[in-house]
Amino acid sequence: MVKQRYELLDTLRGFSLVNMIFYHFIWDLIYIFSVIDNVWPNLFYIWQQFICSSFIFISGFCWPLSHNHLRRGLTIFACGILITLVTYIFLPQNTIVFGILTFLGSAALFLLILPQQLLKIKPLYGFILSLCLFILSKNITRGYLGFSFCKISLPPEIYANHFTACLGFPHDSFSSADYFPLLPWLFLFSSGYYAYQYCYAKNILAKFSRKVFPPLNFCGKHSLFIYLIHQPLIYFTLSLSIDF
């Protein structure tokens, strides 16, 4: 039997990808070529968080649809390592350590080793719990749980090295141009997983089969390849344009 493809998911993924490409275009103009200034840093941060959050949630939603979780997880993780190596060689001042692809690959593999009892939680409960844990741990990289007005400080000893940085506990000298550790983002990924299970149980997935916007749908189907080439193309194009 041929599995049905949920075209709306491709469209949503394509929208997030195009949004990300435009964001990186502006980011390069600001931080690499210094052509424009970031006059709205707070809005720029919110835009970045919206893009990455939607990407991670959709990836978690699509996790149950993969034919081979191990192969896909390893492939995405390897692509993330490739980006780390390329940025370290060609853009050392903007090296990406544990970026979004490395995270997505890690999250896809992590769900494989989770106890099956956790994955079998009632979808609605799992979704709510995952979102609550994500919100609670959103500032874990800054040294605390909760919010600035009500926070639980974490022991500084756990912010020790690059390994702890991958988990969500970066040491003082850690830096990365694109940083998505397992915590808190794994909880957002799992909320997407439980959202899929809820939609499956409620027979909502049939509504995802319609194509909404074919160009975005195409981008969503080829998101990994487009993601890998978009930054080199942007950088090359801007280099030629600005030099000219």
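The side chains of Glu-7 and Lys-221 meet in a salt bridge, with 3.5 Å from N to O. A salt bridge here is a side-chain nitrogen of Lys or Arg within 4 Å of a carboxyl oxygen of Asp or Glu. The pair links distant parts of the chain: Glu-7 lies in helix H1 (residues 7-32) and Lys-221 in helix H9 (residues 214-221), 214 residues apart. Helices are DSSP runs of H or I with at least four residues, numbered from the N terminus.

This is a predicted model, where local features need pLDDT of at least 70 and side-chain atom pairs count only at pLDDT 80 or more. Residues are numbered from 1 along each chain, and side-chain values use heavy atoms.

By this rule there are two salt bridges.

| Salt bridge | N to O distance |
|---|---|
| Glu-7 and Lys-221 | 3.5 Å |
| Asp-10 and Arg-13 | 2.9 Å |

Asp-10 and Arg-13 are three residues apart in helix H1, so about one helical turn separates them. Both Asp-10 and Arg-13 are buried. Glu-7 is buried too, at 12% relative accessible area. Lys-221 is partly exposed, at 35%. Buried means under 20% relative accessible area, exposed over 50%, and partly exposed in between, with a 1.4 Å probe and protein chains only.

Now to a helix pair. Helix H2 (residues 41-62) and helix H8 (residues 182-201) pack at about 50 degrees, with axes 6 Å apart. The axes are lines fitted to C-alpha atoms over the stretch in contact, and angles run from 0 to 180 degrees between N-to-C directions. The crossing of H2 and H8 is right-handed, meaning that the near helix is turned clockwise from the far one by less than a right angle.

Definitions and conventions:
Helix = DSSP H or I, 4+ residues; strand = E, 2+ residues; numbered from the N terminus.
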